[in-house]
Amino acid sequence: MSGTMNLKLRVWRQPSAGQPGAFRDYEAKDVSPDESFLEMFDRLNERLIEQGEEPIAFEHDCREGICGACSMVIDGIPHGPERATTTCQLFMRHFRDGQTVVVEPWRAAAFPVLKDLVCDRGSFDRILQAGGFVSVATGNAPDANSVPIGKEAADAAMDAAQCIGCGACVAACKNASAMLFVAAKVSHLALLPQGQPERARRALGMVKAMDREGFGACTNYGECEAACPKSISVSYIARLNREYLRAQVTPTV
Amino acid sequence: MTPDQSPERPCLLAAARGFVGSSVGAKALMALSGLGLIGFLVVHMGGNLQMHLGPEPMNAYAKALKGQPLVLWPARLGLLGMFLLHVGLAFHLNAKNAKARPIAYASDRAVASTWASRHMLLTGALVLAFLGYHLAHFTLGLTHADHFALVDAQGRHDVYAMVVHGFRSPVVAGSYVLAMFVLALHLSHGFGSLWRSLGTSSPALVDALRKAGIAVALAITLGFATVPIGVVAGTIGREVPRLDAGGPPVTELGAAPGGREAGPVRVAGGVR
Ligand code: HEM
Ligand code: FES
């Protein structure tokens with residue numbers, strides 16, 4: 001086959017949450033530049049199964065960059081070397097024949113490894129439960145456009161709402177901080193009229209939940225923005241800080 | 001409603017503890033204390049630059065400062081408070097951040113962060129170590145008691161001569177310049193970062209402040225460094241004779257009417 005390459009993969013293997021793990025080396029053979037990183041793993045796993053070995057556990061769902069399930073740290077970078085790209089959308093043309101690639105799970109106390117490259121991201125769900133919602137009156141659906149929203153606010157809210165909750169920000173942060181995730185969630189609701197009733201409570205509650213889950217604090221490194229597959233800006237973190245400080249002096253009902 | 005959103009406001013003390021205990025609140029306090037310390041550094045550097053003007057302005061300035069205990073002591077206490085808060089939170093946050101990533105990556109890459117941002121604790125701790133030495137040297141007079149005891153012709157603490165003698169040692173001058181370089185690294189990230197910790201989110205403003213931060217860091221540290229460099233280069237303190245040179249006395253004890261009640265006063269050639 002012409003144009004294919006062989007890679008050496010060094011993959012984190014861990015049988016289960018409590019047990020120790022270690023790196024193991026694998027050969028990925030005849031890798032096409034047109035296949036995705038996950039497809040390469042699929043074919044490697046097929047081979048492992050044929051050889052009677054335990055396949056490598058990794059998470060994936062949509063495989064089109066919108067669900068946030070895929071989660072591999074590739075050569076030290078969450079989702080690999082391409083900017084604004086999820087692992088499932090990372091294509092092998094960005095790698096060289098003969099290259100050694102180190103693949104690890106997200107590393108954070110709040111994201112314990114369950115197996116191999118799969119970690120438990122339930123801490124994000126619990127942060128969302130602490131405030132990532134709006135209250136709506138029940139009844140008929142409101143008329144479209146009955147609540148006017150300025151173009152700038154709508155754009156900024158939509159940019160934040162792009163967050164797919166993959167956790168790459170945590171994985172990339174030297175402090176394993178979840179500030180970019182929380183900032184995106186708090187900001188997109190704080191910018192919209194629908195988010196106003198819970199605005200202060202949301203900021204307080206989500207930051208509190210974030211700290212309780214054991215994420216680190218923000219040092220403004222900027223690694224999260226660089227790793228984010230949706231390129232969510234660190235300026236949302238500053239906005240979260242402002243929302244949190246503002247909530248200190250806002251009476252919450 | 002989840003328990004996080006209990007409607008009553010907690011009492012003020014509990015609220016303060018919750019604020020400091022939260023990562024966002026702690027960072028806001030680090031930013032405020034850092035800003036306060038930067039303010040102090042600017043004033044302090046302004047004072048130091050008078051070394052370039054000669055002994056008279058420098059010693060008069062030092063005496064004027066000492067002559068205002070009602071300004072000096074609250075300022076010193078405020079400074080100490082900001083410093084303790086900043087350092088305490090630095091270690092608190094660092095422990096928390098280390099706990100948040102108990103297992104390190106086998107292959108760890110920095111894509112966007114600067115060296116300075118990743119080594120704030122190191123540069124901060126070096127600044128702390130330098131500060132201990134600096135206070136022992138010039139504020140408490142422990143390292144060079146003879147320089148500290150100097151008195152000028154008007155009976156004032158001869159700050160000018162003290163500094164000149166201190167920096168005539170290339171090792172001392174070099175360590176001050178080096179410490180200022182470390183401080184520049186700390187501030188090159190710190191100044192840009194603090195505004196974001198306090199909620200400045202406009203990307204244009206943040207970028208301008210980040211650039212301003214590098215300029216502020218350079219201005220402060222170069223400003224400080226001109227004094228030891230000036231002494232070594234001989235542009236400062238040419239009028240101060242070497243302590244061991246046996247030249248005319250640096251200071252005249254007794255020439256000062258009602259001079260300071262200092263201990264032994266060093267003049268050229270010995271202690272009187
Ligand atoms: C003249 C003295 C100092 C000044 C002017 C100063 C200034 C600053 C500023 C402005 C920041 C940025 C705060 C933010 O990101 O919001 C900062 C951060 C920091 N400072 Fe200092 N600092 C000083 C001394 C120290 C000392 C003695 C230490 C201690 C060991 C220290 C440790 C730190 C650390 C670890 C951070 C980063 C915290 C984080 O973002 O995780 N600093 N400093
Ligand atoms: S699998 Fe859905 S984003 Fe990658």
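Modeller: Ligand 1 has 25 residues around it, and the closest are Lys27(B), His86(B), His186(B), Ser193(B) and Ser197(B). A residue is near the ligand if one of its heavy atoms lies within 4 Å of it. This is a predicted model, so local features need pLDDT of at least 70 and side-chain atom pairs pLDDT 80 or more, while totals for chains, interfaces and linings use all residues. Residues are numbered from 1 along each chain as its sequence is written, chains are lettered from A and ligands numbered from 1 in the order written, and side-chain values use heavy atoms, without hydrogens and water.

Colleague: Where does ligand 1 lie?

Modeller: Between chains A and B.

Colleague: Which side chain has an N or O atom 2.6 Å from an oxygen atom of ligand 1?

Modeller: Ser197(B). One is 2.8 Å from a side-chain N or O atom of His86(B). For His186(B), a polar side-chain atom also lies 2.8 Å from a nitrogen atom of ligand 1. A polar contact is a pair of N or O atoms within 3.5 Å; within protein, one must be able to donate a hydrogen and the other to accept it, and residues adjacent in sequence count only if both atoms are side-chain atoms.

Colleague: Which elements give two or more residues to the shell around ligand 1?

Modeller: In chain B, helices H2 (23-49), H4 (69-100), H6 (120-139) and H9 (170-197). H2(B) has the largest share, seven residues. Helices are DSSP runs of H or I with at least four residues, strands runs of E with at least two, numbered from the N terminus.

Colleague: Switching to Gln99(A). Buried or exposed?

Modeller: Buried, at 14% relative accessible area. Buried means under 20%, exposed over 50%, partly exposed in between (1.4 Å probe, protein chains only). Gln99(A) sits in the loop between strands S4 (77-78) and S5 (100-104) of chain A.

Colleague: What does Gln99(A) touch?

Modeller: Leaving out residues up to four places away in sequence, Asn6(A), Leu7(A), Lys8(A) and Asp75(A). Contact means heavy atoms within 4.5 Å. A polar side-chain atom of Gln99(A) also lies 2.8 Å from the backbone nitrogen of Arg96(A).

Colleague: And chain A overall: how many helices and strands?

Modeller: Eight helices and seven strands. Of its 253 residues, 54% count as buried. The C-alpha trace spans about 65 × 40 × 35 Å along its principal axes.
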